[in-house]
Amino acid sequence: MQYALLVTGDPYQSKACHSALRFIKSALEHPTAQITGVFFYQDAVQIGNSLTQPPRDEVNLLAAWQSLSEEHGVPLYLCIAAAVRRGILSKDEATRYEATQFNLAPQFQLEGLGTLVELMNSTNKVIQFR
Amino acid sequence: MKNTLIHLSSDPFSNLACKEGLDLALVLATFEQAVDLCISGPALSILSNKQNPNSIHGKNLNKLLDGLEFYDIENVFIERQQALAIPQLSWQGIQTLETQQWQQLFGQYQQVFRF
């Protein structure tokens, strides 16, 4: 079974990003399960801010997502419109908006909602975490 | 191609959820995907055309509704029982479902996303 995830819940006001991560880790233990990608939308895009500094005695959610993506090759997409609106900029977007800084975390890519539509059509099931 | 239901349930002036849910519906339609909308709870207020928000209040999403037909989004469902509680509903493009039909609605789609 192929799964793609649509994560929409704020990483600080909800457990959406945490639950999605746990789902993927469980799914990857099953040999037949495949994760085709994770699309972050709405306030969930804040997960891709590389400047976040969680307290040392709390889970580093960004690092957890990054290592999951690195180890298992799971693509992590942030909706570009939702991300730019919230100040998550890649180097290219910083240039486009004439910003002096960029903060998109490694392993994350900014993509349009069209990428989510492609994921929907190439995957058996899309699950929303909100 | 999958058929998708976008369920709007958040207050349109409290956060961006309704706006971003509608954005997803429009993108799906632009990519010629089958997409319907259903509206419940605080989101029902987008059906009132007696809104006059300024830029601080947020976007007037009611105005977006008239454009849905140009995207071939033809089905916008609400539940009759909820509509009764809000007398100022005024947008004409809605289809009103009885409670049982409303409950069955969610099983008729391969994907349901809630905003």
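Predicted model: local features only at pLDDT ≥ 70, side-chain atom pairs only at ≥ 80, totals over all residues.
In chain A, five strands form an open sheet whose order is 4-3-2-1-5, with parallel pairing. Its edges are taken by strand 4 and by strand 5 (125-129) of chain A, each of which pairs on one side only, and neighbouring strands are turned by 25° against each other on average, direction ignored. Within this sheet, strand 2 of chain A and strand 3 (residues 76-79) of chain A run parallel and are joined by three bridges, and Phe39(A) stands opposite Tyr77(A) in strand 3 of chain A.

In chain B, five strands likewise form an open sheet with parallel pairing, in the order 4-3-2-1-5. Strand 4 (95-97) and strand 5 of chain B stand at the edges with a single partner strand each, so one side of each is left without a neighbour in the sheet. The twist from one strand to the next averages 25°. Strand 2 (residues 34-39) and strand 3 (residues 76-79) of chain B pair in the parallel sense over two bridges, and Cys38(B) is found opposite Phe77(B) in strand 3 of chain B.

**Helices on the sheets**

| Helix | Strands | Angle |
|---|---|---|
| Helix 1 (residues 16-27) of chain A | strand 1 (2-7), strand 2 and strand 5 of chain A | about 170° to strand 1 of chain A |
| Helix 5 of chain A | strand 1, strand 2, strand 3, strand 4 and strand 5 of chain A | about 155° to strand 2 of chain A |
| Helix 1 of chain B | strand 1 (3-8), strand 2 and strand 5 of chain B | about 160° with strand 1 of chain B |

**Where the chains meet**

The contact between the chains takes twelve residues from chain A and 13 residues from chain B. On the side of chain B that touches chain A, helix 1 (17-30) and strand 5 (111-114) of chain B each supply at least two residues, and the largest share, five residues, comes from helix 1 of chain B. By class, the residues on this side of chain B are eight nonpolar, two polar and three charged.

Two packed helices are described by the angle between their axes and the distance between the axes. The axes of helix 5 (residues 113-122) of chain A and helix 1 of chain B come within 10 Å and cross at roughly 65°, and this crossing is right-handed. Leu113(A), Gly114(A) and Val117(A) make the contact from helix 5 of chain A, while Leu24(B), Val27(B) and Leu28(B) make it from helix 1 of chain B; five of these residues are nonpolar, one is polar and none is charged.

**The nonpolar core**

The largest nonpolar core has 60 residues, of which Val7(A), Phe39(A), Phe40(A) and Val45(A) touch the most other members. Helix 1 of chain B gives the largest share of this core, six residues. Leaving aside residues up to four places away in sequence, Val45(A) touches Phe40(A), Leu78(A), Cys79(A), Ala82(A), Ala83(A), Arg86(A) and Ile88(A).

**Two loop residues with positive phi**

Most residues other than glycine have a negative phi. Gln42(A), although not a glycine, has a positive phi of about 55°; this residue lies in the loop between strand 2 (34-40) and helix 2 (61-72) of chain A. Glu98(A), also not a glycine, has a positive phi of about 55° and lies in the loop between helix 4 (91-96) and strand 4 (108-111) of chain A. Gln42(A) is buried, because 25 other C-beta atoms lie within 10 Å, whereas Glu98(A) counts as exposed, with 6 C-beta neighbours inside 10 Å.

Technical notes:
Residues numbered from 1 in each chain as written. Chains lettered and ligands numbered in written order. Contact = placed C-beta atoms within 7 Å. Helix = DSSP H or I, 4+ residues; strand = E, 2+ residues; numbered from the N terminus. Nonpolar A, V, L, I, M, F, W, Y, C, P; charged D, E, K, R; others polar. Core = buried A, V, L, I, M, F, W, Y, C linked by C-beta atoms within 7 Å. Buried ≥ 20, exposed ≤ 12 C-beta atoms within 10 Å, placed from the backbone. Pairing = 2+ DSSP bridges. Axes fitted to C-alpha atoms, helices over the stretch in contact; angles between N-to-C directions. Left-handed = near helix turned anticlockwise from the far one by under 90°.
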